[in-house]
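Look at the chain shown here before reading on. The report below goes through a few of its features.

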Amino acid sequence: MRKIFLSLFAVTILLGAFYFFWLSPRYTVPILMYHSISYGEGSSFVKPENFAKQMEYIKRNGYDVITLDELAGSIKDKRRLKRNKVVITLDDGYEDNFIYAYPIFKKFGFPATIFLPTDHMGRRGHLNWDEIRLMSKHKISFGGHTRTHLYLGDVSDIRVLLDEIGGPKKAIEREIGMPADYFCYPVGGFNAKVKEIVKEAGYKGACTTNRGFARLNSDVYELKRVKVTNSDALKPFSLWIKLSGYYNLFRGRKDSY
């Protein structure tokens with residue numbers, strides 16, 4: 001019995017040391033990534049009712065949804081935030097973000113950031129500028145996602161990069177009269193040159209996926225995010241893991257190029 005007790009004690013000490021000295025310092029505020037909130041097929045689509053369940057879970061369990069700007073500011077200032085924070089982002093500017101996601105954000109009072117490939121705005125299936133302007137008045141901010149949803153890691157022409165990266169910022173600020181402070185690399189792909197141009201364009205930060213060079217979210221120009229799917233609404237443990245702040249530690253990093 002004494003041996004069992006000592007073994008359990010040793011395991012407890014080891015687990016405690018693992019948490020306090022290795023895991024806990026690696027906590028990062030989770031940035032959730034969505035695309036289409038609709039009834040399409042594939043991992044980029046989340047059904048509206050499942051999206052509502054996920055937002056209800058966040059609200060019910062006491063998570064504090066903060067803006068991307070609040071998170072980036074804390075990283076720059078090296079301020080540690082409480083463990084209950086979460087950021088919500090959506091890519092590609094689909095019209096269903098206005099039809100389905102926006103009313104749910106309003107219901108719960110959640111802020112969010114939507115990244116726009118600005119040349120697509122007004123096209124069928126995408127947001128128009130009137131919808132964007134309305135949402136911008138109710139806690140929804142907008143950022144650049146290139147002009148044409150171009151995969152930037154393959155582009156060598158500097159003129160194209162300058163236009164695709166700087167163009168959306170100018171378009172959004174012209175159309176809605178509010179700053180477009182953040183950028184999102186399409187499919188998460190970027191390289192050192194792309195990152196430098198994003199900085200020079202005046203963005204305060206940029207989001208990727210699990211691509212990037214930094215293991216943790218210590219660099220505001222390569223913020224890793226966590227993709228949320230339909231199944232996460234049906235498996236609360238899965239959503240809890242993604243909201244834990246440690247999910248990205250155990251994912252393999254993809255090539256940034």
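## The model

This is a predicted model, in which local features need pLDDT of at least 70 and side-chain atom pairs count only at pLDDT 80 or more, while totals for chains, interfaces and linings use all residues. Residues are numbered from 1 along each chain as its sequence is written, and side-chain values use heavy atoms, leaving out hydrogens and water.

## Helix α4

Helix α4 covers residues 96–108, 13 residues in total. Helices are DSSP runs of H or I with at least four residues, strands are runs of E with at least two, and both are numbered from the N terminus.

The buried residues of α4 (buried means under 20% relative accessible area, with a 1.4 Å probe and protein chains only) include Ala-101, Ile-104 and Phe-105. Among the elements that the buried residues of α4 pack against are β2, α2 and α5. Just after the helix, Gly-109 has a positive phi of about 75°.

## Salt bridges

Side chains of opposite charge can pair when their charged atoms come close. The structure holds 15 salt bridges, each a side-chain nitrogen of Lys or Arg within 4 Å of a carboxyl oxygen of Asp or Glu. One of them joins Arg-133 and Asp-130 at 2.8 Å, N to O. Both residues lie in helix α5, three residues apart, about one turn of the helix.

Another salt bridge joins Lys-204 and Asp-181 at 3.8 Å, N to O. This pair links distant parts of the chain, 23 residues apart. Through shared partners, salt bridges join Asp-69, Asp-181 and Lys-204 into one network.

Technical notes: The expected span of a helix is 1.5 Å times one less than its number of residues. Buried means under 20% relative accessible area, exposed over 50%, partly exposed in between (1.4 Å probe, protein chains only). Contact means heavy atoms within 4.5 Å.
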